[in-house]
Amino acid sequence: MTAFPDIEKIRYEGPDSSNPLAFRRYDPDRLIGDRSMRDHLRFASCYWHTMRNELADPFGVGTARTPWDDRSNSIENAVDRVDVFFEFLNKIDIDFFCFHDRDIAPEGGSVEESERLLEQVVDRIELRMKETNKQLLWGTACLFIHPRYASGAATSPRIEAFCHAAAQVKAAMEATHRLGGSGYVFWGGREGYGSLINTDMKREREQLARLLHAAVDHKHRIGFEGQFYIEPKPKEPTTHQYDSDAAACLDFLREFDLLDHFKLNIETNHAWLAGHSMEHELEAAIAADALGSIDANMGEHTNGWDTDHFPTDPLLCARIMRCVLKMGGFTTGGLNFDAKRRRESFEPVDLFHSHIAGMDAMAHGLEIAHRIAEDGTLDDFVRTRYESWDGDLGRRIMTGDTTLSDLRDEASRMGEVPLESGRQEMLEHHFNRFI
Ligand code: XUL
Ligand code: CO
């Protein structure tokens with residue numbers, strides 16, 4: 001049985017190829033610096049968009065054509081879908097994947113039944129992983145679709161919702177552990193509020209921290225060594241999410257003594273919804289040594305929604321990959337395409353076109369970012385700009401060895417500040433040389 005009978009494995013054909021079902025930039029084994037493109041980029045495809053997104057929108061039903069899927073909620077259908085997903089991963093040449101518990105398996109009528117159904121699908125995934133050498137980048141629990149979570153999961157005013165959320169996190173983490181996942185994500189789908197008029201924000205944030213602490217305990221109990229991540233997002237579906245951006249997440253983790261156990265999974269579309277650039281979010285995470293992984297997508301600046309477009313803009317990808325190179329590359333993380341085709345791109349082949357477009361743009365971005373790093377001009381400029389801090393006085397200030405009075409005396413001795421141009425436009429022009 002094949003779901004994509006007319007599609008061969010996608011291969012690199014070089015920049016001059018006019019074959020839309022080929023890579024023009026992504027040449028997996030080509031070395032960029034000391035790593036292959038494959039190892040730099042660590043692409044993942046996500047189960048929820050690739051296999052489960054029917055491409056509905058608030059105004060219309062799903063359009064996706066999925067002849068392999070009988071659209072039932074049966075366990076047989078769920079298990080069969082796994083085979084299609086692995087055929088897809090093989091043909092698109094993507095090594096990693098990500099899932100939520102509820103994308104891969106149906107929810108049962110009780111906690112026990114849901115756990116059993118999840119295990120049945122995980123059996124099939126495990127088998128296919130062994131055959132194909134594909135790896136799990138991260139797993140997660142879907143704590144936002146079911147009506148019981150309408151007012152939040154960990155942050156619900158109902159303690160029963162908290163317990164059900166904990167049950168799902170436990171099972172999803174155990175499934176991730178069993179499949180050798182490199183990480184586990186917490187995205188606070190409904191962990192926020194619609195309105196403060198009916199919300200006790202202090203309690204809700206404390207509840208969320210409790211669930212995360214319980215998850216850390218469980219991780220140690222079962223010996224799961226994957227990295228935990230929090231995925232910031234400011235709004236949608238809630239009016240305000242507690243994990244609103246990288247800074248808010250880092251602050252939350254510090255406040256509740258969780259920073260040692262979590263890194264961040266940063267998503268471009270979420271960064272934009274927060275009113276930030278993606279580089280801003282990445283830099284904020286890198287500065288705290290907390291950049292773990294990336295949800296590679298982009299949005300549509302004109303509509304302010306979380307539209308999860310594939311990241312097809314090489315310039316955006318270059319900026320992202322500059323940050324990734326700056327932190328020394330991914331360790332447990334990777335580039336997960338948390339991205340969906342447009343509703344108009346409903347044919348099975350569009351799954352390939354969309355991933356190819358994203359992979360090629362990211363590979364292009366990697367090449368650009370690498371050339372910029374090799375050239376060194378931008379990094380040198382920034383280093384030189386802060387040079388006045390590199391001497392003895394700078395060291396004393398930064399180690400806390402100077403008082404305000406010492407600094408007053410220095411100011412009086414130094415005279416006026418020798419101002420230097422920031423040269424923004426010159427540097428932007430220089431960046432453009434590498435596109
Ligand atoms: C939603 C989103 C999620 C997380 C995983 O906006 O990004 O799919 O990536 O729960
Ligand atoms: Co995401």
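## Salt bridge exercises

In this predicted model, glutamate 54 and arginine 71 join their side chains in a salt bridge, with 3.9 Å from N to O. Let's work through this pair and a few others.

**Exercise 1.** Find out which parts of the chain the pair glutamate 54 and arginine 71 links, and how accessible each residue is.

*Solution.* Start with the location: both residues sit in the loop between α2 (47-52) and α3 (75-92). They are 17 residues apart, so the pair links distant parts of the chain. Next, check the distance: 3.9 Å passes, because the cut-off for a salt bridge is within 4 Å. Now the accessibility: glutamate 54 has 38%, so it counts as partly exposed. Arginine 71 has 43%, so it counts as partly exposed too.

**Exercise 2.** Work out why glutamate 174 and lysine 170 are separated by about one helical turn.

*Solution.* First, the contact: these two side chains form a salt bridge at 3.1 Å, N to O. Then look at the helix: both belong to α6 (residues 159-178) and are four residues apart, which means about one helical turn between them. Finally, glutamate 174 is partly exposed at 29%, and lysine 170 is partly exposed at 39%.

**Exercise 3.** How many salt bridges does the whole structure have, and which residues are linked in a network?

*Solution.* A search of the whole structure turns up 30 salt bridges. The network links Arg25, Arg30, Glu367 and Arg371.

Technical notes:
Residues are numbered from 1 along each chain as its sequence is written. Chains are lettered from A and ligands numbered from 1 in the order in which they are written. This is a predicted model: local features need pLDDT of at least 70, side-chain atom pairs count only at pLDDT 80 or more; totals for chains, interfaces and linings use all residues. Side-chain values use heavy atoms; hydrogens and water are left out. Helices (H or I, at least four residues) and strands (E, at least two) are DSSP runs, numbered from the N terminus. Buried means under 20% relative accessible area, exposed over 50%, partly exposed in between (1.4 Å probe, protein chains only).
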